[in-house]
Amino acid sequence: MSETQIELTNINKHYGTFHALKDINLRIEKGTFVALVGPSGCGKSTLLRSLAGLESISGGAIRIAGEVVNQVPPRKRDVAMVFQSYALYPHMKVAENLTYSLRLRGVSKADARKAAEEIATTTGLTGLLDRYPRELSGGQRQRVAMGRAIIRHPKAFLFDEPLSNLDAALRVQMRKEIRALHDRLGATSVYVTHDQIEAMTMADYVVVMRDGIIEQQGRPLELYDTPANKFVAGFIGSPAMNFVTGTIAASGADVVLDLPDAPVVALGRQADPGRKVLVGLRPEHLSLVPLEQASIKVPVLVVESTGSMTYVTTDTTPQLTLVEQSRSDIKAGDNVGVRIEPHHIHLFDGATEKAI
Amino acid sequence: MSDATLTTAPAASGTDDTDYNRPRRSPFRWLVLLLVTFMLLLTLFPFLLAIVNAIKSGVDYARNGPLSIPTSLDFSALVYFWNLSDFGRKLANSTIISLAVSLLGVLISLLNAYAIGIGRVKGSRIFLVVLLLGIMVPQESIVYPLYYMAKATGLYDSQLAVIIVFAVLQSAFGTYLLTSVLRSFPKEIIEAAEMDGANRWQVLWQVVVPVLRPSLMVVGTFFFIWTWNEFLIPLVMLVSNNNQTVAVAMGLTRGQNMSDPTFQAAASLLGIAPTLIFFLIFQRTLTRGVVVGAVK
Amino acid sequence: MTDSNNSATEDRRSYYFYLIPGAVGFLAIVLIPQIVNFALSFTAWKGVGLPRFVGLQNYLKLLTDVQFWGSMQHTLLFIISMTIIPVMIGLVLAALLFDYVRDEFGETASSIFRAGFYLPQILPVTAAGVLWGWILSPVGVANTVLKAIGLGGLAQNWIGDATFALAAVSLVIVWIQVGYCLVVFMAGLSRIDPALYEAAELDGAGWWQRLITITIPLLAPEIFVVVLTTLIAALKVFAPIFVITAGGPDNATLVPSYLTYFHFFTTQRVGYAASIAVVQTVLTVVLAVIFLRFQASQEGKS
């Protein structure tokens with residue numbers, strides 16, 4: 001059992017009357033990469049900054065490497081933060097930016113310079129040590145921000161949406177570099193992002209937050225395969241999951257969907273007959289089949305093709321999205337048959353939206 | 001296909017683009033230039049008068065009047081005034097006092113603004129309001145107690161007293177200015193420094209001040225000029241000739257040698273020359289500050 | 001809900017230490033003297049020995065003091081030269097320089113003009129006083145010029161004659177103040193969207209009309225600031241009077257500040273002088289509060 005590096009117990013935070021964090025409990029093992037993901041205002045940044053000591057909390061305990069750090073100021077918590085805007089010191093050269101924390105601790109100039117050169121190699125900044133931040137590109141500045149964090153060998157790395165200011169191509173590349181660095185250093189990282197793809201591809205564990213609470217936490221694929229409620233199901237995965245209301249049939253083994261012709265679909269498991277449910281269908285699990293073989297028959301509204309994939313939007317209420325990994329010759333206005341494997345059907349309680 | 005040109009008259013000299021579609025440059029603009037230049041000359045006329053007549057000999061003035069160009073350069077009026085008023089010493093006094101106030105005032109303003117603009121301490125608004133009110137009221141309402149205090153502490157007739165008073169007074173305005181600048185200082189850079197291990201003092205001097213340097217220079221320059229020009233308090237506090245400033249010396253010149261016009265001109269010239277030169281050198285810094293809204 | 005158990009709020013408190021030098025200085029140099037002065041206004045004192053409490057006697061004396069009321073009257077007159085005229089000239093000049101000169105002759109030309117007009121603002125007022133005292137003396141440049149252009153009949157003893165002294169000092173004040181108004185207005189003009197002028201021009205508005213209907217209304221914040229600050233300065237005006245006329249002749253240019261100085265240091269009627277200073281302070285505070293309220297509302301808007 002690996003040791004716990006960070007432990008948050010019953011964290012609560014109020015901004016005046018606004019309850020920003022509600023009884024958050026989270027444990028982060030040493031050496032893991034944990035993503036905090038959720039829509040704007042869910043509290044993920046607040047939680048991260050509370051961990052750093054940059055925000056106060058109204059209640060609860062924060063432990064880093066076993067020690068309670070509630071009363072400890074940020075500069076003594078031995079965690080490093082990579083900011084969204086990089087927050088580089090504009091009047092210092094790259095080398096000085098990197099070694100500021102060392103110089104504050106009294107490390108000699110020579111040793112500091114050596115450390116800077118090592119970090120420069122690790123983060124791909126060689127040759128840039130004597131430049132000023134304003135002379136660097138966005139990606140280079142990002143690397144300096146990371147280098148500044150790494151050079152301290154902190155107990156944990158905290159990332160606050162570090163890639164939001166980069167263009168798409170650079171973002172994809174930096175994602176890989178950040179994860180690679182994390183692995184190489186054997187670090188413990190907490191990574192805040194609003195982009196669920198980043199979270200899914202980078203993290204060992206994903207924590208989905210909404211309105212100040214943790215909706216679900218677990219391995220990325222767990223969240224994909226077994227979301228705990230409608231929100232997590234709709235948040236993880238792109239394009240987003242389709243939701244259709246329905247009622248469990250009298251047999252208990254099928255569900256009747258609220259779509260034209262009330263199609264009946266096999267569930268592959270038992271459920272309470274007559275129960276009102278919300279049925280979740282991922283676009284990538286819906287396949288187009290000949291009309292005779294289909295349990296669901298729907299008209300097509302829009303067909304979009306990227307060359308290798310086909311996106312189909314149906315003309316129903318609610319609209320359904322399908323993704324096929326191939327070309328298709330269906331056109332708008334066609335009636336198509338849709339099929340889904342029973343084990344890919346997600347059921348949520350009609351009222352509570354929790355997974356059944 | 002060629003379009004007929006829209007201009008009827010040839011373009012005025014000095015234009016970059018062709019005059020298609022521009023109304024003919026009206027001769028009105030020369031009238032405006034003339035008017036504005038006339039007003040400028042009216043404004044600068046006194047300066048010219050002072051320069052011209054300060055280097056004139058008394059005889060030349062008596063014969064040709066104040067509006068004539070001097071027939072020969074005669075610096076005797078200037079020398080006379082300089083010696084009579086011990087102007088060199090006055091210059092030194094003004095410089096020392098203004099410089100000291102400039103430095104001390106900026107320091108106090110910086111410390112205040114750091115606490116308010118970055119530290120966001122509670123009660124900042126009231127503090128600022130009280131500060132501003134305190135310096136907007138007439139200096140007459142504090143001059144006598146200050147006079148008395150100075151006498152009681154033995155600081156009367158000393159430059160130190162004047163320096164302390166003005167460092168405090170100017171810093172009220174300086175605090176206000178620097179606070180608004182520091183309020184928009186990127187918070188994340190300060191947080192990054194905190195996470196790197198810097199305490200508040202280190203953050204101020206190693207991160208904030210280097211970035212803030214241009215603003216500090218603007219504020220310091222203003223403090224220098226404003227202090228140089230101060231009158232009431234130096235008049236009251238610096239009673240002996242040795243300690244007086246240029247502004248005070250000027251104030252006391254009235255009534256001396258009234259019937260000697262070149263003397264008066266020389267006195268005026270020497271009185272205005274230092275700040276004039278200072279302004280011309282630091283014009284860039286000052287107008288930058290003024291445009292930002294730092295006007296007293 | 002109070003924030004407990006954490007480091008961030010405790011940190012905040014240590015920022016208070018940075019306010020100590022400023023607060024101590026302000027207390028010693030401004031607040032305490034203000035309070036002392038206020039207290040002194042209820043006493044009779046010659047500066048030596050102990051003050052003698054006399055209640056409202058000083059204030060009652062003020063009510064019947066001809067010199068005091070004269071000085072207040074003169075302040076009102078100085079408002080014309082310190083506020084009204086400079087603001088008007090400043091507006092027109094700013095529009096001319098910003099609109100015309102800048103468009104037709106370039107930014108540098110307009111900057112040079114602006115610097116030139118601002119020059120009187122940076123002089124020690126006393127030096128300006130000496131300069132103008134010399135120009136306006138009976139045998140000075142002013143009268144010489146008038147004679148030279150044939151208006152010799154208008155030559156006066158500008159400073160020594162009670163009828164003209166106020167006007168003479170006012171002229172000096174206008175000369176000094178126009179630059180301040182000009183600079184503030186020009187800065188304000190730079191934030192007005194040029195598209196508004198273009199729209200007005202297309203609608204048929206001439207230069208003067210554009211000035212009245214667009215420029216001036218949109219410059220309202222700047223005008224307000226300038227009017228208020230010059231009003232406050234008018235209440236406090238001291239140096240020009242001291243240097244040029246010493247309050248005379250025959251108290252024709254007396255102002256409250258000069259009267260206060262006179263009673264503090266010449267007649268040594270310290271308590272009485274303090275009461276005049278208190279009156280000045282109250283008036284100034286009223287104006288200052290209006291000003292600060294306005295600033296706060298402007299900040300709220302932006």
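Where in chain A is the place of A:Arg282?

## A buried arginine

A:Arg282 sits in the loop between strand 14 (276–281) and strand 15 (287–289) of chain A. Helices (H or I, at least four residues) and strands (E, at least two) are DSSP runs, numbered from the N terminus. This is a predicted model, in which local features need pLDDT of at least 70, side-chain atom pairs count only at pLDDT 80 or more, and totals for chains, interfaces and linings use all residues. Residues are numbered from 1 along each chain as its sequence is written, chains are lettered from A and ligands numbered from 1 in the order in which they are written, and side-chain values use heavy atoms, with hydrogens and water left out.

A:Arg282 is buried but has no salt bridge, and the nearest side chain of opposite charge, A:Glu284, is 4.5 Å away. Buried means under 20% relative accessible area, exposed over 50%, and partly exposed in between (1.4 Å probe, protein chains only). A salt bridge is a side-chain nitrogen of Lys or Arg within 4 Å of a carboxyl oxygen of Asp or Glu. For charge, Lys and Arg count as positive and Asp and Glu as negative, while His and the chain ends are not counted. Not counting residues up to four places away in sequence, A:Arg282 touches several residues, among them A:Tyr224, A:Met241 and A:His346; contact means heavy atoms within 4.5 Å.

## Salt bridges

Over all chains, the structure holds 16 salt bridges. One crosses between chains, from B:Glu191 in helix 8 (residues 187–196) of chain B to A:Arg49 in helix 1 (residues 44–52) of chain A. Their side chains meet at 2.6 Å, N to O, and both B:Glu191 and A:Arg49 are buried. These two also belong to a network of salt bridges with A:Glu55 and B:Lys187.

Within chain A, the side chains of A:Arg275 and A:Asp349 meet in a salt bridge of 2.8 Å, N to O. A:Arg275 lies in the loop between strand 13 (264–266) and strand 14, and A:Asp349 in strand 20 (residues 346–349), so the pair ties together parts that are 74 residues apart in sequence. A:Arg275 counts as partly exposed because its relative accessibility is 27%, whereas A:Asp349, at 14%, counts as buried.

## A tryptophan in chain B

Over in chain B, B:Trp201 is in helix 9 (residues 200–228). B:Trp201 counts as partly exposed, at 48% relative accessibility. Leaving aside its neighbours within four places in sequence, B:Trp201 is in contact with B:Leu111 and C:Tyr18.
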